[in-house]
Each structure stands twice: as structure tokens, then as C-alpha cells.
Amino acid sequence: MILYASRTGTRRNLAALRGRGWRLLVSAAACLRTEGFPYALDNGAWSYFQAGQPFDERRFSVALRKLGAGADWAVPPDIVAGGSASLALSLRWLRPVLDDCQRALLAVQDGMLPEHVRHLLGPRVGIFIGGSTPWKLATLPGWGRLAREVGCWLHLARVHSQ
């Protein structure tokens, strides 16, 4: 298991994370600094959603070019709780993400089922469990089984929310 925390600039928090072997989850919607940590790149959709703002594709492209090559993985753009529309958006971005990053984690969202993404998963494409908290908690076991079956990476987003 690899633990990721949202990027912080607080020295005390960074020291605590470093001392415990955590990595950072850097958001394309925020400061693009890795603080010298191993890291993953989030597209920032959640931050824009929370702020009531549209997703900034240009900013994600800049983040992907700047940080993609060194990231453990990156999340192609998605739509929070957006189901099939979210998957369609992510699939448009899958190739560009894989061109710049060693691994892409597809955000699964409310209404999506394992059979919607199973054929896409493997060593370079994994699962990023997004969506609403009730949906996420209800479907987590199924996503875990799928990741184990196909041998892909799995990341559970926003676990601090419950």
C-alpha cells in the first residue's frame, strides 16, 4: 500500500509525511510543487467542483507536461459524480495522459460499473475511486475485487471524508 496526502507547504506536516514514507497527491488546480516527494498528479476536478468552477483543461495540460513524467500516476479529467459522461471525458484524455505519464488511473464515478472499465485496465491503466461519498463506500468492495482480478492499481480518493 502506498499512502498519498494532498500537497501541503507546511514544513511540520511535510516532515511528518516524509518521516512516515507518505507521498504527495499534487492537484493540477493548485500549486504544482512536489516538495521533493514521490507524487501522483490529480486533475483537480474535485477542487473545481467544490468551488463551483468549470474544469480548466489548459491548466491540466500544463500540469501534465510539467509533472507527468515523474508522477507515479495521473488522473485523466473527469466529472465528479458524472457517470458515463465522466468516463467519456476521461477516455478522450487517456492517450495524452499515458503519453506523458507511466500510468493513468481512471476516475470511476456514480453510476459506473466494473464492466464499463474492465477492458481498459491493466499495468498502465488503473482505478481512481471518486464520486459521491455514499456511492464510493457502497461500491468500494467491487472496485477492489476488480483491481485484484485484472492486476491494476487502485486509489481511493478523499478517504478523510468519512
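**Walking through the model**

User: Gln50 first: buried or exposed?
Analyst: Gln50 counts as exposed, because its relative accessibility is 53%. The cut-offs are under 20% relative accessible area for buried, over 50% for exposed and partly exposed in between, with a 1.4 Å probe and protein chains only.

User: What kind of model is this?
Analyst: It is a predicted model, where local features need pLDDT of at least 70, side-chain atom pairs count only at pLDDT 80 or more, and totals for chains, interfaces and linings use all residues. Residues are numbered from 1 along each chain as its sequence is written, and side-chain values use heavy atoms, with hydrogens and water left out.

User: Where is Gln50 found?
Analyst: In helix H2, residues 45-51. Helices (H or I, at least four residues) and strands (E, at least two) are DSSP runs numbered from the N terminus.

User: Now sheets. What is the order of the one with S4?
Analyst: S4-S5-S6, an open sheet of three strands with parallel pairing. Strand S4 (104-108) and strand S6 (154-156) are the edges, each pairing on one side only. From one strand to the next the twist averages 25 degrees. Two strands pair if DSSP finds at least two bridges between them.

User: How many bridges join S4 and S5?
Analyst: Five, in the parallel sense. Leu105 has Gly126 in S5 as its bridge partner. Strand S5 (residues 125-129) pairs with S6 over three bridges, again parallel, and Ile127 stands opposite Leu154 in S6.

User: How many residues of S4 are buried?
Analyst: Five of its five, so to speak a mostly covered strand. Ala104, Leu106 and Val108 point one way, Leu105 and Ala107 the other.

User: Which strands does H6 lie across?
Analyst: Helix H6 (residues 133-150) lies across S4, S5 and S6, and runs at about 160 degrees to S5. Helix H4 (residues 83-100) lies across S4 and S5, at about 175 degrees to S4. Axes are lines fitted to C-alpha atoms, for helices over the stretch in contact, and angles run from 0 to 180 degrees between N-to-C directions. Contact means heavy atoms within 4.5 Å.

User: Where is the kink in H6?
Analyst: At Thr139, shortly before the proline Pro141, and the kink is about 50 degrees. The bend at a residue is the angle between axes fitted to the seven residues ending there and the seven starting there.

User: And how far apart are the end C-alpha atoms of H6?
Analyst: They are 25 Å apart, which agrees with the 26 Å that its 18 residues should span at 1.5 Å a residue. The expected span is 1.5 Å times one less than the number of residues.

User: What do the buried residues of H6 pack against?
Analyst: S4, helix H5 (114-117), S5 and S6. Among the buried residues are Trp135, Trp143 and Leu146. After H6 comes Gly151, with a positive phi near 70 degrees.

User: Gln109: buried or exposed?
Analyst: Gln109 is buried, because its relative accessible area is 2%. Gln109 lies in the loop between S4 and H5. Not counting residues up to four places away in sequence, Gln109 touches several residues, including Asp78, Val80, Gly130 and Trp135.

User: Switching to rings. How many aromatic pairs are there?
Analyst: Seven, from a search of the whole structure. One of them is Tyr4 with Trp73, edge-to-face, at 5.3 Å centre to centre and 70 degrees between the planes. Rings of Phe, Tyr and Trp (its six-membered ring) pair if their centres lie within 6.5 Å, with planes under 30 degrees apart stacked, over 60 edge-to-face and the rest tilted.

User: Where do Tyr4 and Trp73 lie?
Analyst: Tyr4 lies in strand S1 (residues 4-6) and Trp73 in the loop between helix H3 (57-67) and H4, so the pair ties together parts 69 residues apart in sequence. Tyr4 counts as buried at 13% relative accessibility, and Trp73 counts as buried at 1%.

User: Which strands are in the sheet with S1?
Analyst: S1, S2 and S3, in that order, as an open sheet with parallel pairing. S1 and strand S3 (39-42) stand at the edges with a single partner strand each, so one side of each is left without a neighbour in the sheet. The twist averages 30 degrees from one strand to the next.
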